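Trainee: I'm new to this one, could you walk me through it once it's on the screen?
Mentor: Gladly, let's bring it up and take it piece by piece.

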Amino acid sequence: MTEFFPPFVIYILAALVLPLLPNGHFRSAVAVLVPIIGAMLIWNLPEGLHNQIPFMGMELVLLRVDKLAMIFGLIFSLAAFLSILYAWHVRDTIQQVSALLYAGSAIGAVFAGDLITLFFFWEGTAIASVFLIWARRTPGAYATGMRYLIIQIASGVILIAGAALFYRETGEITFDRMTLGSIGTWLIFLSFGIKCAFPLLHNWLQDAYPAATVTGTVVLSAFTTKLAVYALARGFPGTEILIYIGAIMTLFPIFYAVIENDLRRVLAYSLNNQLGFMVVGVGVGTELALNGTAAHAFAHILYKALLFMSVGAVLFRTGTAKGSELGGLYKTMPLTMIFCVIGAASISAFPLFSGFVSKSLILSASAHEGHYIVWGILLFASAGVFHHSGIKIPYFAFFAHDSGKRPREAPWNMLLAMGITAFLCIAIGSYPAPLYALLPYDVDYVPYTTSHVITQLQLLFFSALAFTVLMRTGIYPPELKSVNLDFDWSYRKALPAILRSTVGIISAIWGGIIGTAQALIGAALVRIYSVYGPGGAASRIWGTGTMVLWIAILLGAVLLFNFVELNRG
Amino acid sequence: MAGMTENQNEDTSKFPALGRALLFLDKKENIERVVRGLYILCALLVVADFFYYKKVYFAVERFPGFYALYGFFMCAALVICAKGMRLFLMRSEEYYAPMDVEAEDYPEDGLDRERVDD
């Protein structure tokens with residue numbers, strides 16, 4: 001058991017030092033270097049448990065290194081590098097620092113060997129990332145950030161509650177394979193599910209990602225949800241319920257993606273759908289499936305970042321990411337358009353692009369285990385992804401009807417970040433061997449077979465055909481300025497309305513009680529006053545003499561009573 | 001449809017070279033060519049199904065053009081269902097709160113900005 005320099009520490013150190021550096025190219029260069037150093041540290045970690053710290057009779061493991069942690073650690077480093085490069089021009093210290101802390105927390109969580117350490121970094125990602133939303137400094141972003149923070153912190157609180165119950169039950173805090181059954185494991189599962197955007201727990205994602213800053217969304221897209229996928233792959237591989245949860249996750253977001261106007265929210269829905277594929281992989285739980293989940297997470301982080309970068313560049317130059325306001329931008333932003341199309345081809349799993357060599361592992365694994373309905377859903381979801389992410393995003397941003405907007409091409413640093421990401425998407429798709437070598441298990445899978453290439457091309461080109469036919473016949477729904485109700489309606493509208501009306505009813509009842517009591521007391525007072533007050537009936541009848549007489553009688557009675565009592569004793 | 005310029009006399013000399021090279025996408029007849037190319041490609045892909053041994057997991061995959069039909073009809077169904085969902089899910093942008101979905105303030109002449117917070 002030797003001590004190693006934990007990779008997350010470099011991020012925290014950099015976040016502390018960064019505000020002291022002059023705000024300019026030098027500071028950006030330092031920030032970009034951090035993930036490179038971090039990746040080198042990760043690369044050189046030997047497998048095993050390191051940096052064990054005794055803590056209140058338990059043993060914390062800061063570094064648990066194996067192939068699963070390794071691939072997630074490396075892709076998180078790569079994502080941090082690309083998104084910080086993309087944000088080179090940002091001079092907002094809050095965003096610079098929170099991006100580093102966020103990436104560092106995610107990497108720390110991946111190497112956490114116990115539930116307490118995991119909890120610490122789990123909350124770290126929540127707190128660091130919310131500043132990327134608040135940094136937009138609009139009222140909408142502030143409110144969204146609050147909702148996001150509450151949900152993310154709740155996920156952490158549920159995690160620590162689950163960990164405590166798990167400890168009481170087993171006497172262990174090791175973060176390893178668990179079986180659903182006790183309340184403790186269910187709570188841990190729920191906590192992972194919130195961050196993984198399970199159906200009905202998902203709306204924080206579509207709420208928060210379009211609300212963050214241009215560069216913040218790129219950072220956000222990489223870490224939180226994939227950390228949750230990692231946690232599920234670590235804690236609950238082969239848990240059957242995940243197959244069905246994942247299948248639903250691939251399915252329903254694509255419907256929303258078709259009618260959503262905000263292109264960054266479209267991407268958030270398709271991110272949710274892609275997570276579904278990974279969750280199915282975890283649920284199937286075979287070596288092929290878990291390899292698929294890891295490979296798909298790796299490829300997905302890159303192409304999703306690329307898509308968010310290209311739409312972000314459009315937002316940066318035009319001030320809007322709404323499909324209804326955009327169109328015709330290919331004329332003046334052709335490079336951004338090409339990068340966007342590469343990202344779109346990758347998420348759609350075109351042959352030679354990264355999605356093709358990663359998603360198919362999961363589809364094959366589910367088919368191999370005989371889950372044919374799930375396989376059919378995944379196939380439908382694959383076609384649907386091409387439809388809304390592959391065609392809709394580039395089409396409505398860069399082609400469609402000419403919006404008349406003639407923005408300049410994206411800044412150099414954005415183009416560079418997009419260029420590197422696009423290169424990686426094609427490199428992984430064309431030559432998957434290095435990616436396969438990083439996977440947790442040995443890979444015995446050949447993505448490029450005649451059957452696979454032709455069937456995939458059929459699926460994709462006929463989806464494109466459907467788009468063309470629907471577009472030409474005018475059936476395709478136009479992009480409209482609007483929002484669509486999703487499950488968040490329950491806590492943004494229904495619950496507040498219920499609370500408001502409950503408060504209304506309670507205050508009405510309270511007001512009624514108080515009012516009635518006041519009226520009764522008032523009436524009684526008036527009555528008493530009218531009888532006993534000056535000029536009242538009582539004072540009219542009983543003159544002063546009568547009162548004196550009565551008091552004398554009363555005193556006489558008391559005297560008599562006492563006299564009788566005394567004589568008796 | 002794709003790329004209809006309202007102002008045909010627009011000065012395109014300020015566009016990047018790559019953007020100018022792609023301006024053929026603005027012409028209607030070229031769009032027609034792209035669409036026709038798609039039709040031909042689709043036809044070829046279905047024909048190709050008869051000329052190789054398809055390695056499959058499920059019997060249904062053996063049906064010639066299964067993936068083509070599945071892709072086409074499922075996508076058409078997806079769009080039509082989603083369009084139907086609009087009837088009862090669509091609300092105005094201000095439904096939850098005013099300015100809920102707006103970007104930060106952004107001046108028209110800010111197209112040349114280099115920083116988000118300019």
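Mentor: Please keep in mind that this is a predicted model, and that over residues 107–112 of chain B the pLDDT stays under 50, with five contacts beyond four places in sequence in the model.
Trainee: How many such contacts does the model have for residues 1–6 of chain B?
Mentor: For residues 1–6 of chain B, where pLDDT also stays under 50, the model has 18 contacts beyond four places in sequence.
Trainee: And what does chain B average in pLDDT?
Mentor: The average for chain B is a pLDDT of 79, and 77% of the residues score at least 70.
Trainee: Which elements of chain B have the lowest and the highest mean pLDDT?
Mentor: Among the elements of chain B, the lowest mean belongs to H1(B), at 85, while the highest belongs to H3(B), at 92.
Trainee: What ipTM does the predictor give the complex?
Mentor: The complex is given an ipTM of 0.85, together with a pTM of 0.88.
Trainee: OK, on to the contact between the chains, how many residues does it take from each?
Mentor: Chain A contributes 73 residues to the contact, and chain B contributes 61.
Trainee: Which elements of chain B give two or more residues to that side?
Mentor: Those are helix H1 (17–21), helix H2 (28–48), helix H3 (66–89) and strand S1 (90–91) of chain B, and of these H3(B) gives the most, with 17 residues.
Trainee: How do the residues on that side of chain B divide?
Mentor: On the side of chain B that touches chain A there are 41 nonpolar residues, 15 charged ones and five polar ones.
Trainee: What does strand S1(B) pair with?
Mentor: S1(B) pairs with strand S3 of chain A, residues 483–484, in the antiparallel sense and over two bridges; within S1(B), B:Arg91 is the bridge partner of A:Val483.
Trainee: Switching to chain A, at what angle do helices H6 and H7 pack?
Mentor: H6(A), residues 139–170, and H7(A), residues 183–195, pack at an angle of about 160 degrees with their axes 7 Å apart, and because angles over 145 degrees count as roughly antiparallel, H6(A) is roughly antiparallel to H7(A).
Trainee: Is the crossing left-handed or right-handed?
Mentor: H6(A) passes H7(A) in a left-handed crossing.
Trainee: Which residues meet there?
Mentor: From H6(A) they include A:Ile151, A:Ala154, A:Leu159 and A:Phe166, and from H7(A) they include A:Ile183, A:Leu187 and A:Ile194; by class, the contact of H6(A) with H7(A) has 13 nonpolar, five polar and two charged residues.

Note on methods
Residues are numbered from 1 along each chain as its sequence is written. Chains are lettered from A and ligands numbered from 1 in the order in which they are written. This is a predicted model: local features need pLDDT of at least 70, side-chain atom pairs count only at pLDDT 80 or more; totals for chains, interfaces and linings use all residues. Two residues are in contact if their C-beta atoms, placed from the backbone, lie within 7 Å. Helices (H or I, at least four residues) and strands (E, at least two) are DSSP runs, numbered from the N terminus. Ala, Val, Leu, Ile, Met, Phe, Trp, Tyr, Cys and Pro count as nonpolar, Asp, Glu, Lys and Arg as charged, and the others, Gly among them, as polar. Two strands pair if DSSP finds at least two bridges between them. Axes are lines fitted to C-alpha atoms, for helices over the stretch in contact, and angles run from 0 to 180 degrees between N-to-C directions. Angles under 35 degrees count as roughly parallel, over 145 as roughly antiparallel, 65 to 115 as roughly perpendicular and the rest as oblique. A crossing is left-handed if the near helix is turned anticlockwise from the far one by less than a right angle, and right-handed if clockwise. pLDDT is the predictor's confidence in each residue, from 0 to 100.
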